[in-house]
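Student: Could we go through this chain together? I would like to start with how its strands are paired.
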Amino acid sequence: MRALVAVLLLAIAAHATAQNAAKNVSLSGSFGDKAVLVIDGVPRTLAVGAIAQGVKLVSVGSGGAVVEIGGQRVTLAIGGTPVDLGGKRSDGSGTTVVVTADGGGHFVTTGSINGRAVTFLVDTGATYVSMGAAQARDLGVDVTKGQRGTSSTANGRIDIYKVRLDALRVGDVQLYDIDALVSEQPMPAVLLGNSALMRFQMRRDNDTLTLTKRY
């Protein structure tokens, strides 16, 4: 009987760990023995051996890091494709993304642009997917091929460029040919604006936002 109880307790603990573990992890940078991991949309700086949301940083090397998720070890490349729980790489064939609001009420999620990992801030007030020039360079977006314009800001007029993104992925949902704006003004995150959101049916339930792909 005691053995059976012990087995049941272990099963419950394992289930709880799986429920609390991260579902999506990518590597945005590293320095020394530390790595900056984006875990379920939230950047976390971990030292080797540290654990956050079920993700353990095993090692850090040149251009990459090894993490342990759900008992499996996964190698992440800087700017590479996000990995979901269990080390399975997303192939972009999904149709639904569920995003939970952070402490500030913002909906932040991970994905990629042109195959490079990015953190998105959902912004229904933005006409286009928008990013700063530095972010665009890191993501391989060539602004020289875009349509140049200007925009008025509190600091004066700045140059902006309307570009076309070949591929954009939100979670496990892949989109193609998305219009975007690149601004000379720095941005803390890439805004997931209506040029991408129009491809989804959106439903909000309190602190949960569900995006279901329409086309």
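Tutor: Let us begin with a term: two strands pair if DSSP finds at least two bridges between them. Please also keep in mind that this is a predicted model.

Student: Over how many bridges do β12 and β15 pair, and in which sense?
Tutor: Strand β12, residues 129-132, and strand β15, residues 173-183, pair over four bridges in the parallel sense. Within this pairing, Val129 stands opposite Ala180 of β15.

Student: Which way do the residues of β12 point, and are they buried or exposed?
Tutor: Val129 and Met131 point one way from β12, while Ser130 and Gly132 point the other way. All of these residues are buried.

Student: How much of the chain counts as buried?
Tutor: Of the chain's 215 residues, 39% count as buried; here buried means under 20% relative accessible area.

Student: Going back to strands, how many helices and strands does the chain have?
Tutor: The chain has three helices and 18 strands.

Student: What is the order of the strands in the open sheet that contains β18?
Tutor: That open sheet is formed by three strands in the order β9-β18-β17, with antiparallel pairing. Its edge strands are β9, residues 96-100, and β17, residues 200-205, each of which pairs on one side only. On average, neighbouring strands of the sheet are turned by 15 degrees against each other, direction ignored.

Student: Over how many bridges do β9 and β18 pair?
Tutor: Strands β9 and β18, the latter covering residues 208-213, pair over five bridges in the antiparallel sense. One of the residues involved is Val98, whose bridge partner in β18 is Thr210.

Student: New topic: how much space lies in the second largest pocket?
Tutor: The second largest pocket holds about 470 Å³ of space. It is lined by 19 residues, and the closest to its centre are Ser28, Ala117, Val118, Thr119 and Gln135.

Student: Which elements give two or more residues to that lining?
Tutor: They are β1 (24-31), β11 (116-122) and α2 (133-138). Strand β11 gives the most, with five residues.

Student: And how does the lining divide by class?
Tutor: The lining of the second largest pocket has 12 nonpolar, five polar and two charged residues.

Student: Last one: what share of the contacts between residues at least 6 apart in sequence join residues at least 24 apart?
Tutor: The share is 50% of those contacts in the chain.

Terms used:
Residues numbered from 1 in each chain as written. Predicted model: local features only at pLDDT ≥ 70, side-chain atom pairs only at ≥ 80, totals over all residues. Heavy atoms only, no water. Axes fitted to C-alpha atoms, helices over the stretch in contact; angles between N-to-C directions. 1 Å grid on protein atoms, 1.4 Å probe; cavity = no way out; pocket = protein on both sides within 12 Å on 5 of 7 lines; lining within 4 Å. Points joined across faces, edges and corners; volume = space filled by probe spheres on them. Nonpolar A, V, L, I, M, F, W, Y, C, P; charged D, E, K, R; others polar. Buried < 20%, exposed > 50% of the residue type's maximum accessible area, 1.4 Å probe, protein only. Contact = heavy atoms within 4.5 Å.
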